Amino acid sequence: MSLLTYEDRPVDIAPGETVLEALLRAGIDAPSSCRTGNCQTCMHRVVAGTPPEDSQSGLTEAQKAIGLFLPCICKPKAPLTIVSRDDAGASIDAVVHSIERVSHDIVRLRVEAEKFEYRPGQFLELIAGADLKRHYSLASHPEDDPYLEMHIRLHENGRMSRRLTEALEPGHRLHVAGPSGTCFYEGVDAEQPLVLIGAGTGLAPLYGVLRDALKRGHRGPIRLYHGARDSRGLYLRDELEVLAAARDNLVYRPCALDLNAPLGGDVAALALDAETEFEHSAFFLCGGVNLVNRLKHELFMRGASLRSIRFDAFIPAG
Ligand code: FES
């Protein structure tokens, strides 16, 4: 067996050569910059085998957990099969389990797919046609749910939105690929404060992370902030209030721009005002790119380490 396989292609690697050198010598267009393990430009993902420990230096626990490594400083001693970092893999069949509105413009789609392994909070690619593909985060838990659950905002005239609302019914076939992303609970210290901040359907990955944290017995305080443009967008509110009432260490803070204090206002401002333990908390940020970037900056300026921040930033797609 070859020491190095890229996707399904064996690649010659000479003694003492790095994976990056071998890929480039084989004519594979692998990105790189520093070639010293600092910039992470060359990052790839191992799908079979274990990367040498030093080829993951500087990566977060979440990145290590999904097999990311740095080819420019990797000299494998045992067989590795690798793919590019964003490779979602082959798509598999999925069958619609249910589709229901949870607010005026958000639907909860559940699909069943065999052998789809994921961590709650990661995202998948939903394929509803040759040119109709979107990424959605997973709110379900693989140990509890027989389906994959996504929360999807409907956009007027959006092609996927129309497909979901006009043509899709239980039993219909779709395809899914993935999972991808490092927005999952694994690797968080069970004693540290866990702070989940999101807006709109950013609740989906946070809901997955929250469920996983509770299932794994997270003992530190957990604070979930969910924001919406108006109160109709605070979907799952009843369920989350019941969950928070039953847990001593869970606080749920919904907020919307059309409500009065203490529930009114902007979710980022609410969370930043309320939080105090920036240096010791694990943060999860999910929502639009502007919100996530603003929060990352503000948290960092208040003392949070970038390594303690996991995020999933969405770009709206209909
Ligand atoms: S090229 Fe910079 S880390 Fe590999």
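Guide: Start with the terms: helices (H or I, at least four residues) and strands (E, at least two) are DSSP runs, numbered from the N terminus. Over residues 89-186 the chain is 9% helix and 47% strand, with the end C-alpha atoms 22 Å apart. The model is predicted, so local features need pLDDT of at least 70 and side-chain atom pairs pLDDT 80 or more, while totals for chains, interfaces and linings use all residues. Residues are numbered from 1 along each chain as its sequence is written, and side-chain values use heavy atoms, without hydrogens and water.

Visitor: Which domain does UniProt list for residues 89-186?

Guide: The unreviewed UniProt entry gives "domain: FAD-binding FR-type". UniProt positions follow the numbering used here, feature names are shortened, and annotations may be inferred rather than shown by experiment.

Visitor: What makes E7 and E10 a pair?

Guide: Two strands pair if DSSP finds at least two bridges between them. Strand E7 (residues 106-112) and E10 are joined by 6 bridges and run antiparallel. So they pass the rule for a pair. Arg-110 has Glu-149 in E10 as its bridge partner.

Visitor: Which sheet holds E7 and E10, and in what order?

Guide: An open, antiparallel sheet of 6 strands, ordered E9-E8-E11-E6-E7-E10. Strand E9 (132-137) and strand E10 (148-153) are its edge strands, each pairing on one side only. Neighbours are turned by 40 degrees against each other on average, direction ignored.

Visitor: What lies across this sheet's strand E9?

Guide: Helix H3 (residues 159-167) does, at about 80 degrees to E9. Axes are lines fitted to C-alpha atoms, for helices over the stretch in contact (heavy atoms within 4.5 Å). Angles run from 0 to 180 degrees between N-to-C directions.

Visitor: Why is one side of strand E14 left without a neighbour in the sheet?

Guide: Look at the open parallel sheet of 5 strands, E14-E13-E12-E15-E16. Strand E14 (250-256) and strand E16 (309-314) stand at its edges with a single partner strand each, so one side of each has no neighbour in the sheet. The twist averages 10 degrees from one strand to the next.

Visitor: How do you know that E12 and E15 pair?

Guide: Strand E12 (residues 194-199) and strand E15 (residues 282-288) share 5 bridges in the parallel sense. That meets the bridge rule, so they are a pair. Leu-196 is bridged to Phe-284 in E15. Helix H7 (residues 289-301) lies across E12, E15 and E16, at about 155 degrees to E15.

Visitor: How many aromatic pairs are there?

Guide: The count is 2. Rings of Phe, Tyr and Trp (its six-membered ring) pair if their centres lie within 6.5 Å; planes under 30 degrees apart are stacked, over 60 edge-to-face, the rest tilted. Phe-116 and Tyr-118 are 6.0 Å apart, centre to centre, with 45 degrees between the planes, hence tilted. Phe-278 and Phe-283 are 6.3 Å apart with 15 degrees between the planes, hence stacked.

Visitor: What puts the charge of Lys-296 over the ring of Phe-311?

Guide: NZ of Lys or CZ of Arg must be within 6 Å of the ring centre and within 35 degrees of the ring normal. The charged end of Lys-296 sits over the Phe-311 ring, 3.8 Å from its centre. Arg-119 sits over the ring of Phe-184 with its charged end 5.0 Å from the centre.
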